[in-house]
Amino acid sequence: MTEAERGDNATLFPQPVGERLRAARERHGMSLAEIGARTRVPLRHLEAIEASNYGALPSPTYAVGFVRAYARAVGEDEVTLARDVRAEAHDAPRVTPKYQPYEVADPTRVPSRGLVIAAAGVALAIAVLAVLWLGSSLFRGDGTPPKAAPSVAVAVPAAQPSSAPKATPQVTLTATDEVWLRVYDAADKTLYIGTMKAGERFDVPADADNPMINVGRPDKLRVTLNGSVLPPLGDGKRPIKNVRVSADALSARAGVQAAPAAAPAAAHAGAPAASSSVPPAFAGESTAPSR
């Protein structure tokens, strides 16, 4: 078969996106585990993409996002592959995925079981020695307990009132249903990525440099600032990306300053309590991605 005939066949019968990605990965000599480490996409989802088993993914939106990340990792055209996988995944049968917890912590930072047992043994030995020493020192010489030292009254200066430290504004992202989420900073460093289950939450680090999010279903993500619930970032009809979620950005959208979660007590009787309701000006803000 000539090169022209192979090109015609490729045009008439294009390879599935999964096969193209697998071929690109093998050309680079990379394993699927290496792709997972680079993209932070769960291995079971990468296997489903290569097998064109899009029914095993949460939704076509997730399939597009995962394929884009895979394509970047192997140096392929993510725009073309995302367009093709959207067409392939549209009619794929859906299956209910089994929940597997997403491990965020670094396993290398978890102490080994042997180290934990050794530390517990040392602590127990110290406790036993302390009990023996106290028991032997309670009775000395003729067996009479030592006399208690006379108490001495010492004047303690009154504690000076100190100003309470200023509370750091806290942004919290909580899933109300299964939702894929990525949180990253201005340097594109990933702070969190994965599929969150209903009730799972992520506290955006207060020291993060201009944190932003990509989310497939913004209507399934509850955003709170210091405990105050803000309106959804989107209506869920389409995914959003590059949306700033720092305390300053959310405060600017709301038109108010970030306040601590619990308001301090009023200095005088009758002082009005701080309102935790969302300002009306924020309810009309656009949910389009920030640029």
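Thr39 counts as buried, at 9% relative accessibility, and lies in helix α3. The model that shows this is a predicted one. The protein has nine helices and eight strands, and buried residues make up 30% of its 291 residues.

**Thr39 and its surroundings**

- A polar atom of the Thr39 side chain lies 2.8 Å from the backbone oxygen of Ile35.
- Leaving out residues up to four places away in sequence, Thr39 touches Ala69, Tyr70, Ala73 and Ile193.
- Helix α3, which holds Thr39, is one of the helices against which the buried residues of α2 pack.

**Helix α2**

- Helix α2 covers residues 17–27, and its buried residues are Val17, Gly18, Leu21, Ala24 and Arg25.
- Viewed down the axis of α2, these buried residues fall within an arc of 130°, so they line one face of the helix.
- The packing partners of that buried set are α3 (32–39), α4 (43–50), α5 (60–74) and α6 (78–90).
- The face of α2 turned away from the buried side carries the exposed residues Glu26 and Arg27.
- Just after α2, Gly29 takes a positive phi of about 70°.

- Arg20 counts as partly exposed, at 25% relative accessibility.
- Another salt bridge brings together the side chains of Arg25 and Glu50, at 2.9 Å from N to O.
- Arg25 lies in helix α2 and Glu50 in helix α4, so the pair ties together parts that are 25 residues apart in sequence.
- Both partners fall under the 20% cut-off for buried residues: Arg25 has a relative accessibility of 10%, and Glu50 has a relative accessible area of 9%.

**A salt bridge between two loops**

- The side chains of Asp177 and Lys220 meet in a salt bridge of 3.9 Å, N to O.
- Asp177 sits in the loop between β1 and β2 (179–184), and Lys220 in the loop between β5 (212–215) and β6 (221–225); the pair links distant parts of the chain, 43 residues apart.
- Asp177 is partly exposed at 38% relative accessibility, and Lys220 is also partly exposed, with a relative accessible area of 23%.
- Elsewhere, salt bridges that share partners join Arg20, Arg83 and Asp84 into one network.

**Two further buried residues**

- Thr174 is found in strand β1, which spans residues 171–175, and it counts as buried at 9% relative accessibility.
- Apart from neighbours within four places in sequence, Thr174 is in contact with Gly199, Glu200, Arg201, Lys220, Leu221 and Arg222.
- Ala247 belongs to helix α8, residues 247–254, and is buried, with a relative accessible area of 14%.
- With residues up to four places away in sequence set aside, Ala247 touches Pro169, Val171 and Leu225.
- Ala247 and Pro169 are 78 residues apart in sequence, while their C-alpha atoms are 6.1 Å apart in space.

**Surface and overall contacts**

- The protein exposes about 19000 Å², and carbon and sulfur atoms supply 58% of that area.
- A nonpolar patch on the surface is formed by Leu124, Val128, Leu129 and Leu132, which together have about 420 Å² of accessible area.
- Leu124 is found in helix α7, residues 113–138, and is exposed, with a relative accessible area of 57%.
- Of the contacts between residues at least 6 apart in sequence, 65% join residues at least 24 apart.

Terms used: Residues numbered from 1 in each chain as written. Predicted model: local features only at pLDDT ≥ 70, side-chain atom pairs only at ≥ 80, totals over all residues. Heavy atoms only, no water. Buried < 20%, exposed > 50% of the residue type's maximum accessible area, 1.4 Å probe, protein only. Helix = DSSP H or I, 4+ residues; strand = E, 2+ residues; numbered from the N terminus. Arc of directions from axis to C-beta. Contact = heavy atoms within 4.5 Å. Areas by Shrake-Rupley, 256 points an atom, 1.4 Å probe, with all protein chains shown as cover. Patch = residues over 30% accessible without salt bridge, like charges linked within 9 Å, V, L, I, M, F, W, Y side chains within 5 Å. Salt bridge = Lys/Arg side-chain N within 4 Å of Asp/Glu carboxyl O. Polar contact = N/O pair within 3.5 Å; in protein donor to acceptor, adjacent residues only side chain to side chain.
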